[in-house]
Amino acid sequence: MADFIMPSLGSDMQAGRLVEWLVKEGDSVRRRDVIAVVETDKAAIEVEVYEDGIIESLLVQPGQKVAVGTVMAVIRTETGSIPVVPDEAPSVETPQVSTEPEGVAGPEREQSSPALPPSGTLRIKVSPYARKLAIERGIDLATLAGTGPEGVICAADIERATPITSTEPAVKTPPTPPTKAATEKPAAKNYQAAMRRAIANAMARSKREIPHYYLQTRIDMHRTLLWLASENDKRQIKDRILPVIPLIRAMALALTDVPELNGYWIDDRHQTSEAIHIGFVISLRQGGLIAPAILHADEKGPDELMAALRDLITRTRSGGLRSTEMTDATVTVSNLGDLGVETVYGIIYPPQVALLGFGKTMEQPWAENGMLGVRPILTATLAADHRATDGHRGAQFLDALDRYLQDPEKLCTP
Amino acid sequence: MYTMNENEIKNVIFGILKKIAPESEPSTLAPEENIRKALDIDSFDALNFFVHIDEKLGVSVPESDYGKLSTLSEMLQYFSRRMSK
């Protein structure tokens, strides 16, 4: 038997609301299957299961808000043991009692980027806000056809749908007064306020607990940009790769050279991680940010990284992030190069121990071999936890990063 | 290759921008306004914009021309020229 618990989807999360079960009792599941959708202050997240087995019982109803660590389901793992029913029901906070701000996404953002990767299961693609509306109005998402990009169910589809008269517990939530449902703005503000608080908690904890040190280097990008231009010239527009891709690749490889920056500081102990999962800061149009992880970034070539990034950005903005992507980042990158910012002094996302910031690549005077020239220069800034590493390691990392970016062909040949 | 007049091209551009930035009102853009800054469009959205332009107008913009296409008037001129070829 194994317990499926409410996961902590970030160091700032205390509780989560079950939005939807994607399985029913008796279903067999495999490790990494998405079996539930949970709503945090930040987003609706698809939660994966860690065992192979059969769903023995579902203990939490959609709409309920439970603390992190609460057993939500029991899974019979394939060891042939006798089912054990937990003694007591999980402590739950009913939605009616909850005073937490409702997690309603801001204005619906239609994303129309090329295909999402095919999914192995028949998951319903739906934006977080649409999910919320559907719950409030008792609409069964399975009955809807999405009209958003790639068939994503968006808020407009919910508006058009008529509630089903179901006896499912999910719809026992008292219907929201129409006045509230009709005025989206206050709800959107609540959601933003909740996300703001989540960011505030994580960042305040970081500044309170983590003794940051900062190291900065200027990197000549002309070789990488030449390589990128000639590569993109050969490609159709939809297959082009963004300048941030070689940066992520170089960061992943530099972390294999200096693994101390990749991992966590937990319980007064430095724990490096073998896997390299790079959290990529994505800002949301309605305000706030999410930093989901590009999993196993060091094992991906440029095209795979571009596909992964495209997929992450699209899902961050239209719904459907998975729990592992929210929790597994071992390091973070913040790229503000799209704006005119030269330097990014980042704040580490606890319990990680490093954050790399990229500014805008700008033409600058550059002296090399006694000659002065003009080169595209990128400023890379490392913020690192001084409890976990010292400046010497940080310097080795930035040196490695620079070295990889001077040999783009080798860097980008998978 | 089909052609479009400037107004039709403008409507295509507005339609794509509206998808990328739904809360914006592209028709209020001034002809010389920097679109990326005005609508807060990042490099990922910009790439998607050109993917959609390729689909809708049949104009494949090489990366080296991105810099020439910051404003509405630059885009209208560029796309009209490319489409009439």
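A: What follows takes up the numbering and the model, then chain B, then chain A.

A: Residues are numbered from 1 along each chain as its sequence is written, while chains are lettered from A and ligands numbered from 1 in the order in which they are written. This is a predicted model, in which local features need pLDDT of at least 70, side-chain atom pairs count only at pLDDT 80 or more, and totals for chains, interfaces and linings use all residues.

Q: What does the model score for ipTM and pTM, and what does chain B average for pLDDT?

A: The model has an ipTM of 0.86 and a pTM of 0.69.

Q: How many helices and strands does chain B have?

A: Chain B has four helices and zero strands, where helices (H or I, at least four residues) and strands (E, at least two) are DSSP runs numbered from the N terminus.

Q: Which residues are buried in helix 3 of chain B?

A: Among them are Leu47(B), Phe49(B), Phe50(B), Val51(B) and Ile53(B); a residue is buried if 20 or more other C-beta atoms, placed from the backbone, lie within 10 Å of its own, exposed if 12 or fewer, and partly exposed in between. What covers the buried residues of this helix includes helix 1 (6-20) and helix 4 (72-84) of chain B.

Q: And what follows helix 3 of chain B?

A: Helix 3 of chain B is followed by Gly58(B), which has a positive phi, near 70°.

Q: Switching to chain A, which strands form the open sheet, and in what order?

A: Four strands of chain A form the open sheet in the order 1-8-6-3, with antiparallel pairing; two strands pair if DSSP finds at least two bridges between them. Strand 1 (2-5) and strand 3 (28-29) are the edge strands, each pairing on one side only.

Q: How many bridges join strand 1 to strand 8 in chain A?

A: Four bridges join them, and Ile5(A) stands opposite Val71(A) in strand 8.

Q: Which residues touch the most other members of the largest nonpolar core?

A: Of its 101 residues, Met72(A), Ile248(A), Met251(A), Ile278(A), Ile294(A) and Ala354(A) do; a nonpolar core is a set of buried Ala, Val, Leu, Ile, Met, Phe, Trp, Tyr and Cys residues joined through C-beta atoms within 7 Å. The largest share of this core, nine residues, comes from helix 6 (residues 244-257) of chain A.

Notes:
Contact = placed C-beta atoms within 7 Å.
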